[in-house]
Amino acid sequence: MSASKRHLAAIVAALALGPAMAQPAAQTAPAPKAVIELFTSQGCSSCPPADALIIELSKDPGLIALTLPVTYWDYLGWKDTLGKDSFAKRQKFYAKARGDGQVYTPQVVINGAAHAIGSDKAEIEKAVKQLATPGFSATVALKEESGGLRIRISPTDTGLTETAGVWVLPTTHRATVPVTRGENQGKTLSYVNVVRGMVRVGDWNGEAATITAPLTATQAAEADSYVVLVQAERPGKYGMTMPGAILGAARSPAPR
């Protein structure tokens with residue numbers, strides 16, 4: 001082959017390989033190792049450092065960090081614009097299920113089991129490490145198709161005996177709120193993954209299962225993403241059901 005023909009062949013080969021070489025290998029998002037729920041309030045002067053920490057922790061792809069604003073400090077002079085009574089109830093049920101009765105802000109609950117002060121990074125990371133060692137009891141895969149959400153749950157612990165609920169949580173990826181009264185008067189507060197509601201879409205008995213939910217379950221006012229939790233349920237007094245350990249979780253692919 002002449003030098004000119006070899007040169008032409010090299011150019012053709014480079015052009016053929018170029019696009020393939022330029023594209024990085026497809027990467028699979030890591031399975032979450034922990035779900036962190038922050039119970040916070042715009043009327044709590046101790047909460048902004050915890051709000052900022054949750055924003056920082058949310059950048060870890062192995063963590064699902066959620067913000068659940070509560071309402072029980074509204075009487076202090078500022079009504080939380082993101083707060084829901086149902087989140088305060090969830091926090092109190094967690095305390096009942098743990099048996100310690102501790103309800104405060106800012107408080108984080110990790111994997112539905114341990115709790116810590118929401119601004120204590122070292123304690124939160126310690127709890128995440130401890131709970132991530134055994135890992136979740138199930139992997140959760142999500143796919144939107146034909147106007148519905150397909151939730152595929154695969155057990156990683158074959159000895160599971162707990163019953164669980166499957167929940168969809170619509171979320172707002174980022175929210176900013178200027179506060180004009182109360183303990184945080186004059187501050188502009190920032191939040192990440194603010195939960196807008198909780199919709200129970202099915203049960204899980206510990207075996208491989210696929211649950212289909214309507215896409216409307218992922219939608220709520222100002223929500224642009226969502227999270228799915230598989231959470232053990234514990235019986236309480238007077239027929240109440242209390243949240244237990246989170247057994248599996250997944251997030252929507254990206255904010256809408």
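Analyst: Helices, of at least four residues, and strands, of at least two, are taken here as DSSP runs and numbered from the N terminus. In those terms, and bearing in mind that this is a predicted model, W73 is placed in the loop between β2, residues 63-69, and α3, residues 85-98. With a relative accessible area of 27%, W73 is partly exposed, because that value falls between the 20% under which a residue counts as buried and the 50% over which it counts as exposed.

Leaving aside residues up to four places away in sequence, W73 touches S41, G43, C44, W78 and T105. Another of them, C44, lies 29 residues from W73 in sequence, while their C-alpha atoms are 7.0 Å apart in space.

C44 itself counts as buried, because its relative accessibility is 7%, and C47 is buried as well, with a relative accessible area of 0%. As to whether cysteines are linked in this model, a disulfide is a covalent bond between the sulfur atoms of two cysteines, and a search of the whole structure finds zero disulfides.

Turning to another part of the chain for context, strand β12, residues 241-251, is mostly covered, with eight of its 11 residues buried. Strand β11, residues 225-235, runs antiparallel to β12 and is joined to β12 by eight bridges, with V227 standing opposite R251 in β12.

Definitions and conventions
Residues numbered from 1 in each chain as written. Predicted model: local features only at pLDDT ≥ 70, side-chain atom pairs only at ≥ 80, totals over all residues. Heavy atoms only, no water. Disulfide = S-S within 2.5 Å. Buried < 20%, exposed > 50% of the residue type's maximum accessible area, 1.4 Å probe, protein only. Pairing = 2+ DSSP bridges. Contact = heavy atoms within 4.5 Å.
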